[in-house]
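Q: I would like to learn to read this model feature by feature. Where do we begin?

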Amino acid sequence: MTSPDRETGRETEHERWMREALKMADEAEQLGEVPVGAVLVGAAGELARGFNRPIATHDPTAHAEINVLREAGAKLGNYRLAGTTLYVTVEPCTMCAGALIHARVAEVVFGAREPKGGALVSRGTDDGGGILDGLNHRLRVTEGILSEECAARLSRFFDARRA
């Protein structure tokens with residue numbers, strides 16, 4: 001887990017962008033969506049931001065990651081998003097991980113693991129490999145950035161739904 005620079009007390013670049021993704025998760029929650037937010041960053045800064053919208057759009061593919069990839073692709077006029085970093089509050093599912101591979105995103109930085117459906121570190125294969133092993137593009141994965149804040153959003157949301 002990354003923490004603020006111990007000498008300066010400043011937040012890291014990963015934490016800075018994860019806080020932006022958390023703002024998107026808050027927007028999703030306000031709309032009754034599962035609170036997952038994402039921000040895609042390139043060399044020149046932010047390319048796109050978004051949040052979960054499957055309920056409002058009646059679209060099971062409208063996850064935060066997919067929405068961000070669509071927006072960035074349209075903005076750049078290219079579905080290849082090489083050299084970018086995706087910040088997302090929760091570990092991507094298999095669908096989103098596949099889309100990230102096809103888009104050639106360089107790195108995924110996520111906050112909370114998703115033990116049931118996370119495809120980057122939580123759900124491996126029987127032989128101990130990752131679910132994405134053997135594919136033609138490799139993602140760098142950084143996990144645990146502001147993990148407690150990211151997990152708390154999900155817990156609060158689902159606790160409220162169960163109540």
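A: At 22% relative accessibility, V34 counts as partly exposed, because buried means under 20% relative accessible area, exposed over 50%, and partly exposed in between (1.4 Å probe, protein chains only). Note what kind of model this is: it is predicted, local features need pLDDT of at least 70, side-chain atom pairs count only at pLDDT 80 or more, and totals for chains, interfaces and linings use all residues. Residues are numbered from 1 along each chain as its sequence is written, and side-chain values use heavy atoms, with hydrogens and water left out.

Q: Where does V34 sit, and which residues is V34 in contact with?

A: V34 belongs to the loop between α1 and β1. Contact means heavy atoms within 4.5 Å. Leaving aside neighbours within four places in sequence, V34 is in contact with A28, N52, L154, F157 and F158. Take F157: 123 residues separate V34 and F157 in sequence, yet their C-alpha atoms are 7.1 Å apart.

Q: How are the elements of the protein chain counted, and in what order do they run?

A: Helices (H or I, at least four residues) and strands (E, at least two) are DSSP runs, numbered from the N terminus. The protein chain has five helices and five strands. Their order from the N terminus is α-β-β-α-α-β-α-β-β-α.

Q: What do the totals for the protein chain say?

A: The protein chain has 163 residues, and 44% of them are buried. It exposes about 8700 Å², with carbon and sulfur atoms supplying 50%. Such areas come from the Shrake-Rupley method with a 1.4 Å probe; for residues, only the protein chains shown count as cover. Now the contacts between residues at least 6 apart in sequence: 54% of these join residues at least 24 apart.

Q: How do I read a nonpolar core?

A: It is a set of buried Ala, Val, Leu, Ile, Met, Phe, Trp, Tyr and Cys residues joined through side-chain atoms within 4.5 Å. The largest one here has 24 residues. Those with the most contacts inside it are L40, L81, L86, V88, L100, V105 and L139. At least two residues of this core come from each of β1 (37-42), β2 (45-51), α3 (64-76), β3 (85-90), α4 (94-103) and β4 (107-112). Apart from it lies another core, of 12 residues, including M18, V109, A112 and I145.

Q: Which residues does L100 touch?

A: Not counting residues up to four places away in sequence, L100 touches L69, L86, P92, V105, V108 and L139. L100 is also one of the buried residues of α4, with C96, A97, I101 and A103. The buried residues of α4 pack against α3, β3 and β4.

Q: And V68, buried or exposed?

A: V68 is in helix α3. Its relative accessibility is 0%, so V68 counts as buried. Beyond its neighbours within four places in sequence, V68 is in contact with A38, V39, L40, A48, R49, G50 and L86. V68 and G37 are 31 residues apart along the chain, with 9.3 Å between their C-alpha atoms.

Q: How do I describe two packed helices?

A: Two packed helices are described by the angle between their axes and the distance between the axes. Axes are lines fitted to C-alpha atoms, for helices over the stretch in contact, and angles run from 0 to 180 degrees between N-to-C directions. Helix α1 (residues 13-30) packs with helix α5 (residues 147-162) at an angle of about 5°, axes 10 Å apart. That makes α1 roughly parallel to α5. The cut-offs: under 35 degrees is roughly parallel, over 145 roughly antiparallel, 65 to 115 roughly perpendicular, the rest oblique.

Q: Which residues make the contact of α1 with α5?

A: From α1 come M18, R19, L22, D26 and E29; from α5 come E149, C150, R153, R156 and F157. By class, the contact has four nonpolar, no polar and six charged residues. Ala, Val, Leu, Ile, Met, Phe, Trp, Tyr, Cys and Pro count as nonpolar, Asp, Glu, Lys and Arg as charged, and the others, Gly among them, as polar.

Q: What should I look for in phi?

A: Most residues other than glycine have a negative phi. R104 is not a glycine, yet has a positive phi of about 65°. R104 follows α4 and lies in the loop between α4 and β4. L146 also has a positive phi, about 50°, although L146 is not a glycine. L146 lies in the loop between β5 (140-143) and α5. At 10% relative accessibility, L146 counts as buried.
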